[in-house]
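Colleague: Talk me through this model, please. I would like every label set against its cut-off.

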Amino acid sequence: MISKRIFSWIAVFFLLLLQVSCDSGGKDSATSQSGSQKSISIKGSDTMVHLTSSWAEQYMGQHPDAQISVTGGGSGTGIAALLNGTTDICASSREIQGKEKELAAQKKIDLVEYAVARDGLAIIVNPANSVTELSMEQLRKIFIGEYTNWQEMGGPDLPIIVLSRESSSGTFVFFQEHVLKKADYTPKARLLAGTSALVQSVASDKGAIAYVGLAFALEAKATVKMVGVKSADDAAAVLPSDETVRAGHYPVARPLYLYTNGTSSPEAKAFVDFCLSEAGQKIVTETGYISVK
Amino acid sequence: MWKDKAMRLLMLSAASTSIFLVALIFIFLVKEAAPFALKPGLDALFDRQWIPVSFVQERYGILPLVTGSALVTGLSMLFTIPLSVLGAIYIAEIASPVEREILKPFIELLASIPSVVLGFFGLVVLAPLIKSLFGLGTGLSALTGALLLTLMAIPTVITLSEDAIMSVPRAYKDASRALGASDLQTIFQVIIPAALPGIIAAIMLGVGRVVGETMAVLMVTGNSALMTWSPLAPVRTMTATIAAEMGEVSFGSLHYQALFWIGLVLLAVTFLLNIIAQRVLVRYGMMK
């Protein structure tokens, strides 16, 4: 008898607990959306973390009362966070897709898109690999698994090891759309978490090939080799660099975006304006990306 | 009087918190995964390909992930079982007290290394080693993951097996000796058979630990969703898939639901392993 009563008390206790936790959860998200403090959170693309945190540092130097937190996790993560109202600004290395737009419309979120920089994706191979240029078509065939040996491109007799970012990465989707022409990656592709793991693997594995942001490839110049890319079979090979990306000669390049919820905080807007200003664009160049102006 | 009651209530609720939480977790998993069973239906999970992000056709077959987990776990048990059982026999039966004092703390130390640190070790040290040993293009393979998991499973299995061997009544040993059996005969024909249920339970719990491990395998197995039984091929385990993809999916999408199905499968597997381990122990009177 007694144990039954005790049990019902416990049930009531936990129900109350649940109620309280649900309530506070609701309140939390409400305050973060209204943005009563001057704190801004930026979440999204791993490629852009370097850039956004440089912006944030400089901005906080100029505005001592502003608090900016920057987290990575991938463009998809950032967009999901913006749609769920847990971040003010989303950094994305790809455009927001149809399904996500639908979801935003459902949740009455007014997405505002700013192209804040450009990035070239460098194709990197091991320095011991004699291949120096690849056409877009060859790249596609390598990454969908049609070519399996470097010999097929006049290279050494080595099996190709295809390395890729995880599917949560904006770079993964961009590369799939623009280089693979929307085909699926070969199932043999090894998916690595993060750009540094890719660089590390390419540096140590002779047959490896991977795609990374230009800034990262330049940083790792000593350990990996960048490959020139031909936009068509008869075109000249172009190595990625500031000039070739800005001029649009290098075929594997993309814009980088910041997204905000249009109706949200003025602080977020001020930050984006700073990113697009001359000082902000100077940081873009300094961190190894290509400015939009 | 009411103080007694209040205290009793407090302690009871503390003790039942974990049960309550497990129930909540289970309900949550089922709730999030359920819509997938209606559309596109459960047979989509039995596809042989896992391609959650695609412009052509998303495919949510968890079979390659299940075989990936099975391959890594099986391989790792191949190393773990002989190493741990032999090690446990040595510590329990043969080692001098001094040796035991040295061996035991080090084994326990192994258990306390964070799995990310082990993963890092695997990426930088173990993977290149495997690569040059087998002449592979890259060391990111099922075998590398299995070796790392072996390091993680050994402390669990060795400690529990040692307990099982220690709990064999001393009378068995004395009787065997009195009949003229040698040390080796006593160990392998009397003590091990008597401790076997405990050792099996230890192995089951070790398997549970290995199946659920995430970080280390995510870092070194290469994460290609291939259906393969080759130890040198890259594989993608269930845990690594959840860890790598959960952050990115939009809530309520098919991909999200499929990830919850993987979670349910994992939960079921570890649940089953634990139940089997308990059953074995209870059945042979090694646990009341």
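Colleague: Which residues does Ile124(A) touch, not counting residues up to four places away in sequence?

Modeller: Val202(A), Ala210(A), Val212(A), Ala217(A), Val224(A), Lys225(A) and Met226(A). Touching here means contact: C-beta atoms, placed from the backbone, within 7 Å. Residues are numbered from 1 along each chain as its sequence is written, with chains lettered from A and ligands numbered from 1 in the order in which they are written. The model is predicted, and local features need pLDDT of at least 70, side-chain atom pairs count only at pLDDT 80 or more, while totals for chains, interfaces and linings use all residues.

Colleague: What pLDDT does chain B average?

Modeller: The average is 89, and 98% of the residues score at least 70. pLDDT is the predictor's confidence in each residue, from 0 to 100.

Colleague: Why is Ser253(B) called partly exposed?

Modeller: Count its neighbours. A residue is buried with 20 or more other C-beta atoms within 10 Å of its own, exposed with 12 or fewer, and partly exposed in between, using C-beta atoms placed from the backbone. Ser253(B) has 16 C-beta neighbours inside 10 Å, so it counts as partly exposed. It sits in the loop between H10 and helix H11 (254–283) of chain B.

Colleague: What share of chain B is buried?

Modeller: Buried residues make up 40% of its 288 residues. The chain has 11 helices and 2 strands. These are DSSP runs, numbered from the N terminus: helices are H or I with at least four residues, strands are E with at least two.

Colleague: What makes helix H6 (residues 170–178) of chain A largely enclosed?

Modeller: 7 of its 9 residues are buried, so the rest of the structure largely encloses it. They are Gly170(A), Thr171(A), Phe172(A), Val173(A), Phe174(A), Phe175(A) and Gln176(A). The cover includes helix H3 (75–83), strand S6 (161–165) and strand S8 (208–213) of chain A.

Colleague: Which residues are buried in helix H10 (residues 266–276) of chain A?

Modeller: Glu267(A), Ala268(A), Phe271(A), Val272(A) and Cys275(A).

Colleague: How do you know that they line one face of the helix?

Modeller: Look down the axis of H10(A): the buried residues fall within an arc of 135°, so they line one face. The arc is taken over the directions from the helix axis to the C-beta atoms. An α-helix has 3.6 residues a turn, so residues three or four places apart point the same way. On the other side of H10(A), Pro266(A) and Asp273(A) are exposed. The cover of the buried face includes strand S1 (39–44), helix H2 (49–62) and helix H11 (278–286) of chain A.

Colleague: How many residues has the largest nonpolar core?

Modeller: 151 residues. A nonpolar core is a set of buried Ala, Val, Leu, Ile, Met, Phe, Trp, Tyr and Cys residues joined through C-beta atoms within 7 Å. Ile123(A), Ile124(A) and Leu163(A) have the most contacts inside this core. Helix H6 (residues 142–166) of chain B gives the most to the core, with 15 residues.

Colleague: How many residues of chain B are in contact with chain A?

Modeller: 28 residues of chain B, against 37 residues of chain A. H1 of chain B and helix H10 (238–245) of chain B each supply at least two residues to the chain B side. H1(B) gives the most, with 5 residues. By class, that side has 15 nonpolar, 11 polar and 2 charged residues. Ala, Val, Leu, Ile, Met, Phe, Trp, Tyr, Cys and Pro count as nonpolar; Asp, Glu, Lys and Arg as charged; the others, Gly among them, as polar.

Colleague: What are the domains of chain A?

Modeller: Domain 1 (39–118 + 255–286) and domain 2 (119–246). Domain bounds come from an automatic or database domain assignment. The C-alpha centres of the two domains of chain A are separated by 27 Å. Their contact takes 14 residues from domain 1 of chain A and 13 from domain 2 of chain A.

Colleague: And how is chain B divided?

Modeller: Into domain 1 (2–51) and domain 2 (62–283). The C-alpha centres of these chain B domains lie 26 Å apart. Here 12 residues from domain 1 of chain B meet 14 residues from domain 2 of chain B.

Notes. Contact = placed C-beta atoms within 7 Å.
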